[in-house]
Amino acid sequence: MMKTDSKMRLGIIGLDTSHAAAFTELLSQESHPYHVQGGIVTAAYPGGSGDFELSRSRVQGFTDELRQKYGVQIADSPEEVARQCDAILLESVDGRVHLEQFRRIVGYGKPVFIDKPFTVDAAEAAEIIRLAEESAVPVMSSSALRFAEGVRQSLTAGELGQIIGADCYGPMELQPTQPGLFWYGIHSVEMLYTFMGPGCSEVTAAMTEHHDVVTGTWKDGRIGTIRGNRCGNMTFGAMVHREQGSRPVDVYAHDKPYYASLLEQIMPFFHKGVSPVTLDETWEIIRFIEAANESRLSGKPVRLRS
């Protein structure tokens, strides 16, 4: 049973990302200006991917930090974490391992947050969703950019009418183990879906050594774009187009870190079992990225697979 009248015991699987330490700090330090209530990290499994340098090089440091600074028990397996905790943060930075790790914990019936990318393969994403539904396990996945204060504020400009399009941009570094947009490009994709919602039918991408431009056509005729940069402007932002005008989005309008805003969404999800991002939308985002990755190599329009 989940605890609703005291701090939930949270477990982390994957200590190869800064989110592991950041979430632990926000939950444990009540003096932090962006302290998030409702939970405490009590156990963690390091994990790590030997063929992914950004995983391999960071896992020991974050493991030591959680053990020594926050008194987190370091477990020998994902199963041990799931047994001890009320809810799980699946933080492994390598999207390739998420299905295997989820398979090992889904049977414990605990709500799970899966950090971006949900997976790097649509078939694996479909299998996670199937397992979650079969076991009645609540699952949430999201990039922190979706909940950046500037992004959320831009959604309130209803006086300009409905959103008819959006142009999002951000850094798009590439990692061989996380194909194309699955690494940093996913942040801009999540922003685009925050504004546009699901319903994309076709994707066309163009790329050079330094930049990518991805255009999505929605079933209702709206168009949204993503510009990914590997040089020059390396900040996030967007222009949102509404029926009666267009406005830029200042992603940096608030001092609150993106991950703090994300954690503020995760904790109610853990307590209530209802995600602010549906798995249907998460599933479409993975298919959008696969289509974009295919198009950026062929240069041809690609329809989202069903």
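Strand β5 (residues 112–115) and β6 pair in the parallel sense, with four bridges between them, where strands are DSSP runs of E with at least two residues, helices are runs of H or I with at least four, and both are numbered from the N terminus. Two strands count as paired if DSSP finds at least two bridges between them. The model is predicted, so that local features need pLDDT of at least 70 and side-chain atom pairs count only at pLDDT 80 or more, while totals for chains, interfaces and linings use all residues. Residues are numbered from 1 along each chain as its sequence is written, and side-chain values use heavy atoms, with hydrogens and water left out.

**Sheet**

- The open sheet has six strands in the order β3-β2-β1-β4-β5-β6, with parallel pairing.
- Its edge strands, each pairing on one side only, are β3 (73–74) and β6 (139–142).
- Within β6, S141 is the bridge partner of I114.

**Helix α1**

- The axes of α1 (residues 18–28) and α3 (residues 59–70) come within 9 Å and cross at roughly 15°, the axes being lines fitted to C-alpha atoms, for helices over the stretch in contact, with angles from 0 to 180 degrees between N-to-C directions.
- That angle makes α1 roughly parallel to α3, a term for angles under 35 degrees.
- In contact (heavy atoms within 4.5 Å), S18, A20, A21, T24, E25 and S28 of α1 meet F62, E65, L66 and Y70 of α3.
- α1 also lies across β1 (8–13), β2 (39–45), β4 (87–90) and β5, running at about 150° to β2.

Note on methods
Angles under 35 degrees count as roughly parallel, over 145 as roughly antiparallel, 65 to 115 as roughly perpendicular and the rest as oblique.
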